[in-house]
Amino acid sequence: MSDEQQAVPDGLVDRLDVIEEQPLAARAEAYAQLHEQLRRTLEGDDEHGRG
C-alpha cells in the first residue's frame, strides 16, 4: 500500500463513490456535509462545536 492510500480514512472512498452516484443537486449538499465533517475533524471540534 502506498503512502497516499494510507492517508485516506477508512470508508472515505466508498462514501465518495456513493455521492458520485447521486443526482447533481444532491451531490452538492452531500459534498458540503462531507466538507463540514472533515473540517471539524481536522480542527479537533467535537460533535457540539467549540461553543
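This report looks at two helices, H2 and H3, and at one residue between them, Ile19, in a predicted model.

## Ground rules

Residues are numbered from 1 along each chain as its sequence is written, and side-chain values use heavy atoms, with hydrogens and water left out. Because the model is predicted, local features need pLDDT of at least 70 and side-chain atom pairs count only at pLDDT 80 or more, while totals for chains, interfaces and linings use all residues.

## Helix H3

Let's start with H3, which covers residues 24–43. Helices here are DSSP runs (H or I, at least four residues), numbered from the N terminus. After H3 comes Gly44, with a positive phi near 80°.

## How H2 meets H3

Two packed helices are described by the angle and the distance between their axes. For H2 (residues 12–20) and H3, the axes come within 9 Å and cross at roughly 155°. That makes the pair roughly antiparallel (angles over 145 degrees count as such).

On the H2 side, the contact (heavy atoms within 4.5 Å) uses Leu12, Arg15, Leu16, Ile19 and Glu20, and on the H3 side Arg27, Ala30, Tyr31, Leu34 and Gln37.

## Zooming in on Ile19

Leaving aside residues up to four places away in sequence, Ile19 touches Arg27, Ala30, Tyr31 and Leu34. Ile19 and Tyr31 are 12 residues apart along the chain, and their C-alpha atoms are separated by 7.4 Å.

How values were computed: Expected span 1.5 Å × (residues − 1). Axes fitted to C-alpha atoms, helices over the stretch in contact; angles between N-to-C directions. Parallel < 35°, antiparallel > 145°, perpendicular 65-115°, else oblique.
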